[in-house]
Amino acid sequence: YYASNILGGSNTVTVTFNQSANGPDIRILEYRGVTTLDAKAGASGSSTAANSGSATTTSANELIFGADMVATTTGSAGSGFTSRIITSPDGDIAEDKVVKTAGSNSATATLDGSGPWVMQMVTFK
């Protein structure tokens, strides 16, 4: 989920599910200066590397945010990405980077073993 124009400081985030959720995975990150959702991509697979598939940004200096959910554990962020959190105990990652030019991007991460994964990516102007 994405919310724009949130004031900094002490905020409360409430997540409500419309049905029972077995092991919900919620990661909350706050970024300053992003205003518009630009592009998004998502993919799933089963291997030792997660990859969101590509999406094309339309502006320079965009924030690329990627997050995975894995059946194994995430070992490290993809090339050029900074790992912001790898959750415990389930080993899912939230990662980001800023790109200098518009173009095709994908979020990737290396897994500690082969197994099912879902990787999602969004870009913000």
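Which element gives the largest share of the lining of the largest pocket? The answer is E3, with six residues. This is a predicted model, where local features need pLDDT of at least 70, side-chain atom pairs count only at pLDDT 80 or more, and totals for chains, interfaces and linings use all residues. Residues are numbered from 1 along each chain as its sequence is written, and side-chain values use heavy atoms, with hydrogens and water left out.

**The largest pocket**
- Its volume is about 1,600 Å³.
- A pocket is an open set of points on a 1 Å grid over the protein atoms alone, where a 1.4 Å probe fits, with protein on both sides within 12 Å along at least five of seven lines; lining residues have an atom within 4 Å of a point.
- The volume is the space filled by probe spheres set on the points, which are joined across faces, edges and corners.
- Strands E1 (37-51), E3 (62-70) and E8 (108-124) each give two or more residues to this lining.
- Strands are DSSP runs (E, at least two residues), numbered from the N terminus.

**Glu95**
- Glu95 sits in strand E6 (residues 93-99).
- Glu95 is buried (under 20% relative accessible area, 1.4 Å probe, protein chains only).
- Glu95 has no salt bridge (a side-chain nitrogen of Lys or Arg within 4 Å of a carboxyl oxygen of Asp or Glu).
- The nearest side chain of opposite charge is Lys97, 8.3 Å away.
- A polar atom of the Glu95 side chain lies 3.2 Å from the backbone nitrogen of Gly78.

**Backbone features in loops**
- Ser88 and Pro89 are joined by a cis peptide bond, with omega about 15°.
- Pro89 is in the loop between strand E5 (82-86) and E6.
- Asn61 is not a glycine, yet has a positive phi of about 60°.
- Asn61 is in the loop between strand E2 (55-56) and E3.

Technical notes:
Helices (H or I, at least four residues) and strands (E, at least two) are DSSP runs, numbered from the N terminus. Buried means under 20% relative accessible area, exposed over 50%, partly exposed in between (1.4 Å probe, protein chains only). Lys and Arg count as positive and Asp and Glu as negative; His and the chain ends are not counted. A polar contact is a pair of N or O atoms within 3.5 Å; within protein, one must be able to donate a hydrogen and the other to accept it, and residues adjacent in sequence count only if both atoms are side-chain atoms.
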